[in-house]
Structures are given as structure tokens and as C-alpha cells.
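The exercises below concern a set of chains and are to be worked through with the sequence and coordinates at hand. Each task is followed by a solution in steps.

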Amino acid sequence: MPRWLRKHPTLVVGGVLLLVMVLISLAAPWLATHDPQDIDPLARMKPPSAEHFFGTDAMGRDVFSRAVWGGRVSLIVGLSVALLATVGGVVLGLVAGFVRWADNIIMRLMDGLMAIPGILLAIALMAVTRASLTTVIVAITIPEIPRVVRLVRSMALSLREQLFVEAAHAVGTRLPAVLSRHVLPNMLAPLIVQATFVAASAVLIEASLSFLGVGVPAQTPSWGNMMAEGRNFVAVGFHIILYPGILLAITVLSINLLGDGLRDALDPRLARQL
Amino acid sequence: MDKNAPALLEVDQLRTHFDTLNGTVRSVDGVSFTLQAGETLGVVGESGCGKSVTALSVLRLVPTPPARHGGEVRYRGSNLLALSEKAMRQIRGNRISMIFQEPMTSLNPVMTVGRQIAESVQLHQKVGRKAAMAHAVEMLRLVQIPEPERRAGEYPHQLSGGMRQRVMIALALACKPEVLIADEPTTALDVTIQAQIIDLLKRLQREMGMGVIMITHDLGVVAESCDRVVVMYAGRKVEEATVGALFERPLHPYTRALMASMPALNTRSRRLAEIPGLVPAPHELGQGCAFAQRCEHAMPRCRAETPVLDNHAQQGVHLVACFAVDRASHTPSLAAQPEAAP
Amino acid sequence: MTPQTPVAAPPTPLLQVRDLTKHYRAPRRWLSKPRPPVQAVDGVSFDLAQGETLSLVGESGCGKTTTAKSIMRLIEPSSGSVVLDGQELVGLSPEAMRLHRRDLQIIFQDPYASLNPRLTAGAIVAEPLRNFQSLSEAERQERVQWLFAKVGLRPEAAKKYPHEFSGGQRQRLGIARALALQPKLIVCDEPVSALDVSVQAQVVNLLMDLQEEFGMAYLFVAHDLAVVRHISHRVAVMYLGRIVEIADRDTLFDAPLHPYSEILLSAVPTPDPKVTPKRILLQGDPPSPANPPSGCRFHTRCPLAQPLCKTQAPALTPRATTKGSEHLVACHFK
């Protein structure tokens with residue numbers, strides 16, 4: 001096991017980093033030193049200290065505690081969107097790739113969706129619904145689906161012509177088994193990489209939505225809305241933006257590293273050469 | 001073919017080694033042969049034996065950061081391996097030319113075939129565009145492409161496989177080289193087209209008097225077009241003889257085993273002889289004969305020492321690198337005599 | 001056409017192909033003339049007996065691979081009839097056809113591309129068993145081991161992935177997979193073309209051994225006439241989508257009648273430097289299957305062509321033969 005790990009440094013670094021972020025978020029109730037919503041007018045805009053590791057924000061709330069809790073939002077959103085977009089994208093992409101008549105319909109729908117900039121679409125969707133974690137997740141998923149569908153469809157089209165798929169047909173494998181045994185596993189690597197990009201993108205979009213005030217409800221701490229609030233105080237309280245920003249960057253980086261590492265590790269051919 | 005003429009091309013202990021993570025890959029490991037004007041030298045072997053790398057090394061087409069060369073390749077007295085890149089460019093396509101196996105990928109898909117030939121002519125012969133184009137059309141005519149003026153304006157994808165190969169031959173011969181290296185020129189072609197191309201090459205060689213190195217794995221092609229043959233295995237030359245001598249009395253166990261496994265030569269036997277095992281991985285070659293682990297005549301000496309080439313012919317030259325030659329050549333060959341043509 | 005049955009009538013042939021046709025319609029662009037269809041296979045008929053090896057030979061574009069795949073309905077035939085063991089295959093529903101695949105398997109030309117790179121060798125060979133036989137996992141493993149032994153692979157190899165095998169070994173995997181259900185007919189689509197000469201010998205020997213042991217028939221598609229000569233009982237020569245000659249192996253190689261067969265055989269380089277090849281050189285390039293010549297499709301390159309050949313396509317009819325099996329030739333003058 002250790003030798004395998006040594007062969008895939010990207011995977012290890014990305015995985016460990018992400019794991020650390022996840023653990024921090026999971027341990028929020030215990031890690032946080034203060035109640036993240038606790039307003040303390042007397043301790044506003046304080047720089048980092050022993051009591052407030054990351055300082056306090058404009059309303060006297062502990063930045064460290066808010067950052068630690070805020071991670072939950074980002075990670076939940078990132079993971080959920082990646083999962084939903086991938087599953088939805090795979091279903092639509094396979095149908096588009098294998099069912100001739102559905103191909104056009106689905107792809108024109110996707111083209112339409114892709115024509116609208118993702119974040120704009122997300123904002124529009126949020127505008128017509130009540131702000132909550134679920135609606136944020138759905139609003140971010142929808143613009144992310146077309147990319148996955150395109151990828152899955154193009155892979156499906158090329159895999160369909162592969163000789164081993166023809167061979168599976170020749171030995172009497174039925175279509176569902178062909179898809180699950182031959183087509184999907186050979187899509188795995190690009191899919192996983194795409195999923196991590198979706199996750200990273202989702203985390204950023206959520207931060208942007210919160211930054212703009214149309215994301216999660218204002219009371220729920222999220223790295224995005226923390227940075228939004230801190231924006232006005234950059235000159236005097238840089239720490240309000242800095243720490244959520246750093247955590248956001250580390251999270252996105254770790255997701256990307258994980259994706260790269262997984263893609264290399266999952267390809268049996270590549271794995272042999274490394 | 002004048003036996004006393006000086007050799008056109010002398011390959012002397014050529015080595016092409018690649019340093020990789022898995023060790024040194026000795027693609028070509030001390031290969032020597034000479035080529036005279038007007039003769040066709042066949043280089044035979046299976047995939048991985050180093051025949052293509054040998055050809056590319058002669059023309060210095062192997063990038064030398066990963067590769068390291070050793071030995072010499074003498075053409076008209078100078079060592080090609082020591083020439084500057086500028087000097088090599090004067091030689092490639094001009095004095096020594098090469099044709100490749102896959103005509104589709106060796107021709108530029110976005111240039112008309114006429115332009116491609118003319119480009120080479122302009123580069124080496126220092127003539128104007130019009131003259132070069134006219135010469136290109138003449139070359140297309142020489143390789144028996146019908147309507148050469150029209151064809152010169154076509155793109156490679158508009159031509160069939162056989163025609164593309166002819167275009168490649170025209171391109172290679174446009175500057176009247178002295179040496180032509182043909183790397184599996186007919187492997188990708190249908191058998192009737194193959195016959196046409198071999199016939200064309202023989203005719204052109206007779207007319208232009210050049211020396212040809214014919215690299216192939218097809219012993220049939222060798223029998224029909226070559227004067228002398230070199231057999232390669234795992235980067236080394238294991239046998240060299242005139243084509244008649246090679247087919248009549250193959251001496252090296254690998255050559256014998258190869259001939260015994262060819263269906264064309266064994267029309268009456270029920271089973272084809274198999275060579276057990278696999279070609280050794282290129283980075284695992286060490287001391288001793290590379291074929292020893294698969295050879296039925298292997299002795300302890302074969303695994304310890306690398307055999308050198310010895311001349312085993314009563315007259316002329318028949319080189320074999322094997323310690324067990326006498327034993328091997330007295331075992332009845334499994335290759336039946338080829339049938340007389342009906 | 002109906003081939004004459006030989007004097008000593010054998011049992012019903014395993015495979016009867018009649019007028020098999022595959023035309024590819026070129027996609028029409030709006031506002032342009034409809035392009036003529038590519039006539040890849042045009043009226044091919046032949047029989048194949050149990051345990052027999054029939055080779056389809058010809059050059060690229062002659063339709064031999066399309067014919068083989070159409071018989072398996074991996075490509076849908078445009079028209080014609082394919083009867084396997086008394087059962088008509090053309091027109092069957094996909095599920096009904098699937099059930100017949102137990103008797104009709106294929107070995108592909110590219111040993112690597114025909115194996116799923118993400119499945120282990122054992123899983124690849126076990127797939128036909130999973131599709132049709134309700135065996136327990138243990139029973140399946142046992143059968144896979146038995147198949148591996150039959151094709152000369154070590155049992156430990158079952159856990160490896162395709163990229164860890166050499167070309168010859170991968171082809172053995174393909175053979176093991178085709179053999180798994182012990183089909184009556186195996187279509188071999190140029191199974192040795194991509195292999196080195198010495199490895200070819202191994203695979204050819206293996207195929208012949210397996211035929212001797214299990215008695216299946218082979219439809220062997222190939223362009224290497226030396227291999228064909230070694231392995232076949234009967235040979236059919238195809239040109240531009242049609243069979244021009246079909247005879248037993250020795251007759252075809254010793255005394256071919258159709259001009260194209262003669263030219264094809266004479267083009268094969270003989271590995272004997274003492275023999276000067278009596279070569280009949282074919283002029284020009286083969287016509288395109290999208291625009292085949294009228295009448296006899298070979299008339300544009302045939303040394304014996306007459307005006308009749310341009311207007312009337314010759315039927316595949318029998319010639320007198322001293323041997324038991326028939327010799328069919330499609331030519332007006334031979």
C-alpha cells in the first residue's frame with residue numbers, strides 16, 4: 001500500500017488536503033471557539049488574537065468560527081453539485097449517445113442552457129426561489145449539467161464504435177450490461193476529472209452567489225458571504241477576507257489535485273508506467 | 001553490380017541506445033553491413049528487432065537526446081553520425097532517400113503531391129518553381145501514375161494506397177539519390193499492388209543504378225527483390241548471406257525457425273513450427289546470445305558469451321553469429337521444399 | 001443461383017448464405033443529388049459444412065469483412081438470407097438473434113481493441129458464460145481456467161489486464177472468449193494479420209488444433225494467401241462485393257480458373273529466389289464499390305474481357321471437377 005501511495009503524489013496530496021478540509025468542517029461544532037452567529041458589538045474588527053484566531057468581523061463575530069462552519073456550506077455544495085450533475089449528466093449523455101432520436105432533442109436543450117453564463121443562470125434561478133442550501137445546490141447544478149452531458153455523449157459515441165463493444169454485442173451481452181460493463185467503466189477517468197472540476201466550479205459559484213447576496217441565507221456563514229461583507233473593510237480589516245479566501249483556495253486546489261491524481265491512478269495502463 | 005566497386009554505404013558497428021527508466025534499450029546493438037551500388041540488400045526481422053531504427057539511424061532521423069549512437073555510418077568516406085545537421089540536410093532526400101510503410105501518414109495531407117515533390121527538388125537542385133514542378137510531373141510519370149499532370153494537383157487523400165506509395169517513391173527518387181532505404185514499403189498494401197510496387201522498384205533500380213536497402217519481415221518479398229540479406233534479432237545481426245544461400249542453407253537457428261514457421265514455406269506440413277517464448281524485452285538484453293532462451297540448440301556457452309559473426313561459406317560470404325551452427329544446420333529443417341510453380 | 005449439391009450428398013450444411021447484400025446509403029445532403037449507395041456486398045451465396053474451414057479472400061474493398069459481419073448481424077444485411085443450422089437469422093428480433101449467438105462467435109483482427117481495457121482477462125473470457133449460462137461463480141471460474149489452458153495461457157493470467165499481454169497472447173484471449181460457449185461456427189476476421197510471423201504460426205496451429213478437438217466450422221476472412229492455404233478446406237475469392245470463384249483448397253491453389261484468382265495467386269511473392277515469378281500484373285487501381293463497373297465487375301481490368309462482359313454479369317456456376325466438392329466460377333469464358 002505505501003508503495004502505491006508513493007507512486008501517486010498528486011492523488012495523495014489532493015486527497016489529504018481535501019480530507020483535512022472535510023474533517024475541519026465536520027468537526028466544526030468542536031473546533032469553533034465561539035458561536036458563529038454571536039454578535040459582539042464591543043469586539044468589532046479586532047485583528048487576530050489568542051481569543052479570536054482569525055479576528056472578528058464588522059459585527060463582532062469570530063471569523064475563525066465562521067470560517068470553520070462556512071466550510072460546511074462550500075463542501076456540501078461542492079460535493080452535492082458534483083454528484084447530481086454527474087449522475088444527471090451521465091443519464092442524459094448515455095441516452096443522447098445511444099438513442100438516435102433523443103440525441104437532437106437533448107443536445108439542443110443543452111446548447112440552450114450553455115448559452116447562458118452559468119452564474120447568471122444560477123442567479124436567475126435563485127431569484128425565483130426562496131434562498132436555502134437546497135435551492136442553491138439545484139441552481140448551481142443546472143448550469144453544470146450541459147458540460148457533463150457533452151462529455152458523456154461524445155465518449156458514448158466513440159465508445160459505441162469500439163471493437164470491444166462490438167465484441168460484447170457479439171457474445172450476446174444485452175444493452176444495459178454493455179453500458180454498465182463496457183461503456184461506463186471506460187468513461188470513468190474523464191468523468192471523475194470532470195466531476196472534480198464541477199465541484200471546484202460549484203464551490204466558486206456558491207461563493208460568488210453568496211458574495212452577491214443571492215446565495216445561502218445571510219445568517220448562515222459561507223466563505224462567499226464572509227468575503228462579501230469583508231469587502232467593505234479591506235483597508236482596516238483585511239483578515240475578514242483573507243482567511244475565508246485562503247480556505248476557499250485550498251479547498252478548490254485540493255479538489256483539483258484529487259481529480260488529477262484519481263484520473264492517473266484509475267487508468268490501468270498509466271498506473272503500470274508510473 | 002561490380003563486386004570490386006567501393007561500397008556505397010558502410011554501416012560499421014552501429015549502435016543506437018535509448019536510456020529509459022527501465023534501463024538502457026539497445027535497439028541497435030553493433031550492426032554492420034555494406035551496400036554496393038546497384039544491389040538490393042534486404043534487412044529481415046520481426047517487430048522489435050531494430051531494423052527500422054537502423055534505417056532511421058543511418059539518416060540521423062532518431063532524435064539524439066533520448067538516443068545515443070555508437071559506431072560509424074560511412075557514406076562516401078564521411079561518417080554520417082558525425083556530420084552537422086546542416087550537412088545531413090544536404091544528404092537526406094538528395095543523396096540518401098527513404099520511403100516509409102504508411103504512405104498516408106508520410107505525405108503532407110494539406111499539400112498537393114506535385115508540390116511536395118517539387119519542394120524537395122527546389123530545395124536540393126536549386127531550380128525555380130516551374131522547373132521543379134515540371135520535374136515533379138516527370139517523376140510521377142516515371143512511377144507509372146496515369147495522367148501525371150492532373151494527379152500532380154491532387155491531395156494525398158484523393159489517391160489510393162498504391163498510388164500514394166508511388167508518390168512517395170517519386171518523392172524519394174526526385175533528386176536521383178544513390179541510396180534508397182525502403183522501410184516495409186509494401187506491408188500496408190494489397191498483394192496485387194505490392195507486386196506492382198516491387199516490380200516498379202526493381203525497374204527503377206536498374207535504370208538509376210542506386211543501392212537499395214529493403215527492410216521487411218516478409219521473406220517472400222526478400223526472395224523476389226533482394227540480392228543479399230541481413231537477418232536481425234533483438235538489435236543484432238545474426239546472419240548475412242546472398243539470397244540464394246540464405247534460402248538454400250539457412251544456418252542461424254533463428255533464421256531456420258523463422259522459415260519453419262512460415263506457412264508459405266511449409267505447404268505440406270500439418271503443423272507450423274512454433275518458436276517458443278517471446279522476443280526478450282529490449283531493456284533486458286545482457287551478455288550472451290539474445291536468442292538462447294528460445295533456441296533448441298542452446299548451450300551454456302550461448303548464455304554466457306555473445307556470439308560473433310563468422311563466415312561459414314565455402315566461397316563468398318555467409319556470416320552467422322552462433323556457437324551451435326554446425327549442430328543447428330544438421331538438424332533436418334522443418335521447412336519443406338517450396339513447391340514448383342504450376 | 002443455386003449451387004449444385006455434390007454427388008454424395010452430405011448432411012445439410014451448417015450455414016447457408018443466399019444472395020447476401022449490403023448496400024450503404026451515403027447520407028444525402030439537402031439540395032444535392034442522391035449519391036449512389038456503396039455496394040459493399042452484392043449477392044453473395046455459399047454453404048459451409050460442419051467442421052469445415054471456408055476462407056474468404058480478396059483485397060481491400062472486396063467486401064469479405066462486411067460479408068462475415070453481416071452473417072453475424074453485427075452489420076445489418078440489406079437483403080438476403082442466412083440460415084444457420086436450419087434457422088433463418090435475417091429478420092430475427094434482436095433478442096432472438098442474441099440467443100443464436102451461442103452458436104455463432106467471432107474472433108477479431110485487432111487483438112487489443114477487441115478487449116475491454118478495464119476488465120481482467122478472466123472477466124473478458126467469462127462474459128459469454130455470464131450472458132447465457134447460469135453458473136455459480138466457482139463453476140464459471142473453473143470453466144475460465146479450462147479455457148485458458150486450452151488456448152495455452154497460464155491460469156494466473158486471468159487476473160491480468162489486456163495491456164499486460166503480448167499481441168499473440170491477446171489473440172489467444174479472443175480465441176478463448178469465442179470458444180467459451182463451444183459454438184458451431186466461429187468467424188475469424190483476419191485473426192493473424194496483426195501478428196508477427198512466428199506468433200502467427202502459434203495462433204494458426206492453435207486454431208487448427210481446436211477445430212480438430214471441438215469440430216467447429218470456421219469462416220476465415222484473410223488476405224494472406226499462405227495462411228489461407230494452410231488452414232482452409234475450401235476457399236472463396238471475392239472481388240468488389242461478389243464471389244468470383246469458390247473451390248476446395250487444392251483446386252483453387254493449383255488450378256484457379258477465374259482470371260482474378262490467377263492474378264491474385266500470381267501476385268503472392270514466392271519465398272524461393274530461384275523461381276522467377278510468373279507474375280501477371282494487374283493494371284491500375286481497383287474501382288470503387290460506390291461506382292462498380294457494369295456487368296462483370298472485373299471487366300475493366302481483366303485480360304480476357306469481351307464486350308459481353310461489360311453488359312452481362314456472369315453467374316457463379318459449377319465447372320467439371322474430379323474431386324468430390326464443387327468448383328464454382330463466375331466468368332463467361334473460363
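**Exercise 1. Confidence in chain A**

Task: Determine in which helix of chain A the confidence is lowest and in which it is highest.

Solution. The model is predicted, and confidence is read here as pLDDT, the predictor's own score for each residue.
- Step 1. For chain A as a whole, the mean pLDDT is 86, and 95% of its residues reach 70 or more.
- Step 2. The lowest confidence in chain A is found in helix α13 (residues 268-273), at a mean of 48, whereas helix α8 (residues 163-170) of chain A has the highest, at 93.
- Step 3. The pLDDT is below 50 over residues 270-274 of chain A, a stretch with five contacts in the model beyond near neighbours in sequence.

**Exercise 2. Contacts between chains**

Solution. 
- Step 1. The criterion applied is that the C-beta atoms of two residues lie within 7 Å.
- Step 2. Between these chains, 38 residues of chain B are in contact with 33 residues of chain C.
- Step 3. The most come from α8(B), which gives six residues.
- Step 4. By residue class, this side of chain B holds 20 nonpolar, 11 polar and seven charged residues.

Task: Carry out the corresponding analysis for the side of chain C that touches chain A.

Solution. 
- Step 1. Here 22 residues of chain C are in contact with 16 residues of chain A.
- Step 2. Two or more residues are given to this side of chain C by β6 (104-107) and by α3 (121-132) of chain C. The element that gives the most is α3(C), with four residues.
- Step 3. The side of chain C that touches chain A is made up of 10 nonpolar, five polar and seven charged residues.
- Step 4. For the remaining pair, no contact joins chain A and chain B; their closest C-alpha atoms lie 10 Å apart.

**Exercise 3. Overall form of chain B**

Task: Compare the radius of gyration of chain B with that of a compact globule of 342 residues.

Solution. 
- Step 1. A compact globule with 342 residues would have a radius of gyration near 20 Å; chain B has 21 Å, and therefore agrees with this expectation.
- Step 2. Along the principal axes, the C-alpha atoms of chain B fill a box of roughly 65 × 50 × 45 Å.
- Step 3. Of the 342 residues in chain B, 50% are buried.
- Step 4. Among contacts in chain B with a separation of 6 or more, 65% are between residues 24 or more positions apart.
- Step 5. The secondary structure of chain B comprises 13 helices and 12 strands.

**Exercise 4. A four-stranded sheet in chain B**

Task: Derive the strand order of the open sheet that contains β1(B), and explain why β2 and β5 of chain B each have one side without a neighbour in the sheet.

Solution. 
- Step 1. Strand β1 (residues 9-20) of chain B is joined to the antiparallel strand β4 (residues 67-75) of chain B by eight bridges. Among the bridge partners in β4(B), B:His69 pairs with B:Thr16, and B:Gly70 pairs with B:Arg15.
- Step 2. β1(B) also pairs with strand β2 (residues 23-35) of chain B, in the antiparallel sense, over 10 bridges. A hairpin of two residues connects β1(B) to β2(B).
- Step 3. The order of the open four-stranded sheet in chain B is β2-β1-β4-β5, with antiparallel pairing.
- Step 4. β2 and β5 (78-79) of chain B are at the edges with a single partner strand each, so one side of each lacks a neighbour in the sheet.

**Exercise 5. The two domains of chain B**

Task: Characterise the contact between domain 1 and domain 2 of chain B.

Solution. 
- Step 1. Chain B is divided into domain 1 (9-232) and domain 2 (251-330), and the C-alpha centres of these domains lie 29 Å apart.
- Step 2. Domain 1 of chain B gives 12 residues to the contact, and domain 2 of chain B gives 10 residues.
- Step 3. On the domain 1 side, β2 and α9 of chain B each give two or more residues. The most come from β2(B), with five residues.
- Step 4. This side of domain 1 of chain B divides into three nonpolar, seven polar and two charged residues.

Technical notes. Residues numbered from 1 in each chain as written. Chains lettered and ligands numbered in written order. Predicted model: local features only at pLDDT ≥ 70, side-chain atom pairs only at ≥ 80, totals over all residues. Nonpolar A, V, L, I, M, F, W, Y, C, P; charged D, E, K, R; others polar. Pairing = 2+ DSSP bridges. Domains from an automatic or database assignment. Rg over C-alpha atoms; globule rule 2.2 N^0.38 Å. Buried ≥ 20, exposed ≤ 12 C-beta atoms within 10 Å, placed from the backbone. pLDDT = per-residue confidence, 0-100.
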